[in-house]
Amino acid sequence: MTERRRPQIASRKAPKQARSNELVAAVLEAAVQVLAAEGAQRFTTSRVAEKAGVSVGSLYQYFPNKAAILFRLQSDEWRRTTAMLSAILADTARPPLDRLRSLVHAFVRSECEEAAMRVALNDAAPLYRDAPEARAVRQSGEEAVRTFLA
């Protein structure tokens with residue numbers, strides 16, 4: 001039996017010029033809008049490209065498929081949340097219990113503020129959840145918690 005092939009979820013290339021950065025930013029903003037309006041089931045690269053005002057070919061220069069776009073949205077969210085929570089845990093001027101309480105409050109507030117997007121990204125998670133790239137992004141958050149607990 002052949003092993004099922006996982007879609008590529010890493011970006012094809014990193015933008016180097018300002019115009020390329022703007023294109024990627026426009027694609028990601030459009031992706032958020034399409035995901036919020038259409039949900040993960042109706043999310044397509046064509047809809048994203050149309051919403052961003054770019055050609056599908058331009059989108060494909062940076063993202064090989066819809067899973068790569070969705071993973072980028074998710075990994076950016078993970079990185080923001082990890083940075084916020086890591087900063088709280090690393091503040092050794094505060095007692096551990098205060099840091100833990102602040103962490104829980106910040107996390108719940110963050111979840112509430114981004115609930116609709118998180119639900120949509122969770123629906124799309126099977127496209128990238130078990131990929132090595134996803135595990136690598138999640139490990140940085142887990143490391144911050146391990147350090148705090150130690």
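Mentor: Start with the second largest pocket, which is lined by Gln74, Glu77, Trp78, Glu111, Arg118, Leu121, Asn122, Ala125, Tyr128, Arg129 and Arg138. A pocket here is an open set of points on a 1 Å grid over the protein atoms alone, where a 1.4 Å probe fits, with protein on both sides within 12 Å along at least five of seven lines; lining residues have an atom within 4 Å of a point.
Trainee: Is that from an experiment or predicted, and how are residues numbered?
Mentor: This is a predicted model, where local features need pLDDT of at least 70, side-chain atom pairs count only at pLDDT 80 or more, and totals for chains, interfaces and linings use all residues. Residues are numbered from 1 along each chain as its sequence is written, and side-chain values use heavy atoms, with hydrogens and water left out.
Trainee: What is the volume of the second largest pocket?
Mentor: About 160 Å³. Its lining divides into four nonpolar, two polar and five charged residues.
Trainee: Which helices each supply at least two residues of that lining?
Mentor: Helix 4 and helix 6 (115–124). Helices are DSSP runs of H or I, at least four residues, numbered from the N terminus.
Trainee: And how much space lies in the largest pocket?
Mentor: About 290 Å³. It has 17 lining residues, and the closest to its centre are Trp78, Thr81, Thr82, Leu85 and Gly141. Helix 4 (66–90), helix 5 and helix 7 (132–149) each give two or more residues to this lining.
Trainee: Which helix gives the largest share?
Mentor: Helix 4, with seven residues. By type, the lining of the largest pocket has eight nonpolar, four polar and five charged residues.
Trainee: New topic. Where is Val104 found?
Mentor: Val104 is in helix 5 (residues 96–113).
Trainee: Why does Val104 count as partly exposed?
Mentor: Because its relative accessibility is 46%. Buried means under 20% relative accessible area, exposed means over 50%, and partly exposed is in between (1.4 Å probe, protein chains only).
Trainee: What about Glu133?
Mentor: Glu133 lies in helix 7. Glu133 is partly exposed too, at 30%. Glu133 and Phe71 are 62 residues apart in sequence and 8.9 Å apart in space, C-alpha to C-alpha.
Trainee: Last one: how many helices and strands are there in the chain?
Mentor: Seven helices and zero strands. The chain has 150 residues, and 35% of them count as buried. Its C-alpha trace spans about 50 × 40 × 30 Å along its principal axes.

Definitions and conventions:
Grid points are joined across faces, edges and corners, and a volume is the space filled by probe spheres set on the points. Ala, Val, Leu, Ile, Met, Phe, Trp, Tyr, Cys and Pro count as nonpolar, Asp, Glu, Lys and Arg as charged, and the others, Gly among them, as polar.
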